[in-house]
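Please look over the sequence and the model shown here. A short walk through the fold follows, from overall layout to one pair of side chains.

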Amino acid sequence: MADRPTIFLSNWSSYRAPGCHGPGRKLTIMARPRPWEHGVGKVPACTPTTEALDSVKDGRLPVADYRAGVEAGIRGAPHAPGGLTAIIGGKAEPVADGDTLCCGCSRERAAAGLCHRAWVAPILAAAGWRVVLDGKEVPVG
């Protein structure tokens, strides 16, 4: 048994891939989730703003600046175990051991460093979580 609570980060479509989703709740970290991508709640600290998403998509914001904003957003919010929260039914609830934070990007895109879940994974690991990103544990430090 791990001494650190485990949090999974993956995409919605990898729910059948071994080790990609945990046994807990499925939570969105998407700025604009489609109806089937809402899960039971949203994790604001890990979710880009819609303005930043629109700006990077239309080329007004460089990807490096988008990434810096995502990383600053999570670092500026409580994100350690017990502090990272999801909004579920209008209430803030702690993200729990075994929960999965999902976005829409492919595993290949995340592996290439082009997805925000890959950017927040090492920050969460450094904060005390055991992080499993697309089925692979993220090393601490």
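Predicted model: local features only at pLDDT ≥ 70, side-chain atom pairs only at ≥ 80, totals over all residues.

Residues are numbered from 1 along each chain as its sequence is written, and side-chain values use heavy atoms, with hydrogens and water left out.

The protein contains four helices and eight strands, where helices (H or I, at least four residues) and strands (E, at least two) are DSSP runs numbered from the N terminus. Their order from the N terminus is β-β-β-α-α-β-β-β-α-α-β-β. The radius of gyration is 14 Å, close to the 14 Å that the globule rule gives for 141 residues, so the protein is as compact as a globular protein of that length. That radius is taken over C-alpha atoms, and the rule is 2.2 Å times the number of residues to the power 0.38.

Along its principal axes the C-alpha trace spans about 45 × 35 × 30 Å. Of the 141 residues, 43% count as buried (under 20% relative accessible area, with a 1.4 Å probe and protein chains only).

The structure holds one aromatic pair. The ring centres of Tyr66 and Trp119 lie 5.8 Å apart with planes at 75 degrees, so the pair is edge-to-face (centres within 6.5 Å, planes over 60 degrees apart; the six-membered ring is used for Trp). Tyr66 belongs to helix H2 (residues 63-75) and Trp119 to helix H4 (residues 116-126), 53 residues apart, and the pair thus links distant parts of the chain. Both Tyr66 and Trp119 are buried.

Definitions and conventions:
Buried < 20%, exposed > 50% of the residue type's maximum accessible area, 1.4 Å probe, protein only. Phe/Tyr/Trp six-rings, centres within 6.5 Å; stacked < 30°, edge-to-face > 60°.
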